Amino acid sequence: MAGSDGASPFDGEQMRERVFSRAEMSGARFDGVNLTDAAFHAVLSGATFTDTCLSDARFDDVNLSAVQLENVNMSGATIRDANMSGVRISHANLSGLRIEGVNLSGAEISAADTTGMRIDGVLVSEMMTAWRAAQGAGG
């Protein structure tokens, strides 16, 4: 709660190792706060993270449905055991992406630079060349 001068009673406060349980903090704003190694068991629905560093963060059993990720650096990220049905990825740099053991049924790739892309070790450009040749021979 802000004081009569509008300042937070926690300005500059050292709060290391404190535990906040069952706290109603809707509408709270964290500005310039160091939350290194913090653990969240919370509802953050509708929360906004801007200019936030979450590198090396771990997310487990997290509902990110309908989340919007814009201007995000996910280089080196690992996504495992994820339900990504209905996800739309656009204007993204996926160079060096590795996809293993996933269900791609119904997936669509369009207007993409597939230079050097391989599926099960086969260059996509070679597959497309062979497919086009087969289409021309059959038509």
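The protein carries 10 positive and 18 negative side chains, and the centres of the two sets are 4 Å apart. Lys and Arg count as positive, Asp and Glu as negative, with His and the chain ends not counted; each charge is placed at NZ of Lys, CZ of Arg, CG of Asp or CD of Glu.

This is a predicted model, in which local features need pLDDT of at least 70 and side-chain atom pairs count only at pLDDT 80 or more, while totals for chains, interfaces and linings use all residues. Residues are numbered from 1 along each chain as its sequence is written, and side-chain values use heavy atoms, leaving out hydrogens and water.

Now the overall form. The C-alpha trace spans about 80 × 25 × 20 Å along its principal axes.

The secondary structure is 1 helix and 2 strands, in the order β-β-α from the N terminus. Helices are DSSP runs of H or I with at least four residues, strands runs of E with at least two, numbered from the N terminus.

Of the 139 residues, 1% count as buried. Buried means under 20% relative accessible area, exposed over 50%, partly exposed in between, with a 1.4 Å probe and protein chains only.

Last, Ser 65. This residue lies in the segment before strand 1 (118-119). Is Ser 65 buried or exposed? Ser 65 is exposed, because its relative accessible area is 56%.
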